[in-house]
Amino acid sequence: MNDQLHEFFIRQVNQLAWESAEEGMDPFAAILVKDGEVVASSKDRCITYSDPTAHAELVVISEYCRSAKVISLEGVSLYCNTEPCVMCSGAIHWSRISTVIFSVSQQGLQRFSGGKPKPSCEPMINIGGKKTTVIGPVLEEEGLKVFESFPFLSKKERHARLHKK
């Protein structure tokens, strides 16, 4: 795909992340693109699912594979508003996604989250023999706007607010 198409889909995924933040959830999203068409999308679901592993990338991969009854995503591109974390990188590797395109780098995210430095996703995704193309950051300044007003509170605190008992 060309740069214009990457930017088109990055803007879509950034919009989904913005919607997630407006809903009080983590401002992360992912979409799967096959043959130039969006085939699946997800926002982060950690808080709503009470599942710390329900990152947008994992949810979109898992739900799409189940619904399409496929085990391999060769020929599919994953667009994320943020560079995938270590956990998501493993899922990307095992699902055999062909291309990963992200907007905000882990370093860019850290400027807002205050978290500890995270490794780049490319070496983890490409451990072993298969080569997945990793592209990013793409439109990082636009992507960073999603995080400007997001209060990076702990998941535990936000979960407690949503699931008051």
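Predicted model: local features only at pLDDT ≥ 70, side-chain atom pairs only at ≥ 80, totals over all residues.
Ser41 sits in strand 2, residues 37-43. Setting aside neighbours within four places in sequence, Ser41 is in contact with Leu16, Ala30, Ile31 and Val60. For a sense of distance, take His93, which is 52 residues away from Ser41 along the chain. The C-alpha atoms of Ser41 and His93 are separated by 19 Å.

Now the chain as a whole. The protein chain has eight helices and five strands. Starting at the N terminus, the order is α-β-β-α-α-β-α-β-α-α-β-α-α. How does the radius of gyration of the protein chain agree with that of a compact globule of 165 residues? The globule would come out near 15 Å and the chain has 15 Å, so the two agree. Along the principal axes, the C-alpha atoms fill a box of roughly 45 × 35 × 30 Å.

Of the 165 residues, 45% count as buried. Among contacts with a separation of 6 or more, 62% are accounted for by residues 24 or more positions apart. The accessible surface of the chain is about 8,600 Å², and carbon and sulfur atoms hold 54% of that. On charge, there are 19 positive and 20 negative, and their mean positions lie 8 Å apart.

Next, helix 1, which covers residues 3-22 and includes Ala21. Leaving out neighbours within four places in sequence, Ala21 is in contact with Asp26, Pro27 and Phe150. Val60, which came up as a contact of Ser41, is 39 residues from Ala21 in sequence. In space, Ala21 and Val60 are 18 Å apart, C-alpha to C-alpha.

On to helix 4, residues 86-95. Which residues of helix 4 are buried? They are Cys88, Ser89, Ala91, Ile92, His93 and Ser95. These buried residues pack against helix 3 (56-68), strand 3, strand 4 and helix 6 (122-125).

Ser95, in helix 4, has a relative accessible area of 5%. The cut-off for buried is under 20%, so Ser95 counts as buried. Beyond neighbours within four places in sequence, the contacts of Ser95 are Ile61, Ile71, Ser72, Leu73 and Glu74. Helix 4 is followed by Arg96, which has a positive phi near 65 degrees.

Helix 5 runs over residues 106-113, and its buried residues are Gln106, Gly108 and Leu109. Why do they line one face of the helix? Viewed down the axis of helix 5, the buried residues fall within an arc of 155 degrees, so they share one face. As background, an α-helix has 3.6 residues a turn, so residues three or four places apart point the same way.

Gln107 and Arg111 are on the other side of helix 5, and they are exposed. The cover over the buried residues of helix 5 includes strand 3 (76-82), strand 4 (99-104) and helix 7 (140-144). Strands 3 and 4 are also among the elements that the buried residues of helix 4 pack against. Just after helix 5 comes Gly114, with a positive phi of about 75 degrees.

Last, the backbone. Most residues other than glycine have a negative phi, and most peptide bonds are trans. Where in this chain is Lys69, and is it buried or exposed? Lys69 is in the loop between helix 3 and strand 3. Its relative accessible area is 74%, and the cut-off for exposed is over 50%, so Lys69 counts as exposed. Lys69 is not a glycine, yet it has a positive phi of about 55 degrees.

The loop between strand 5 (133-135) and helix 7 holds Pro137. The peptide bond from Gly136 to Pro137 is cis, with omega near 5 degrees. Leu139 is found in the loop between strand 5 and helix 7 as well. Leu139 has a positive phi of about 55 degrees, although it is not a glycine.

That is what I had on this model.

Note on methods: Residues numbered from 1 in each chain as written. Heavy atoms only, no water. Helix = DSSP H or I, 4+ residues; strand = E, 2+ residues; numbered from the N terminus. Rg over C-alpha atoms; globule rule 2.2 N^0.38 Å. Buried < 20%, exposed > 50% of the residue type's maximum accessible area, 1.4 Å probe, protein only. Contact = heavy atoms within 4.5 Å. Areas by Shrake-Rupley, 256 points an atom, 1.4 Å probe, with all protein chains shown as cover. Lys, Arg positive; Asp, Glu negative; His and termini not counted. Charge placed at Lys NZ, Arg CZ, Asp CG, Glu CD. Arc of directions from axis to C-beta.
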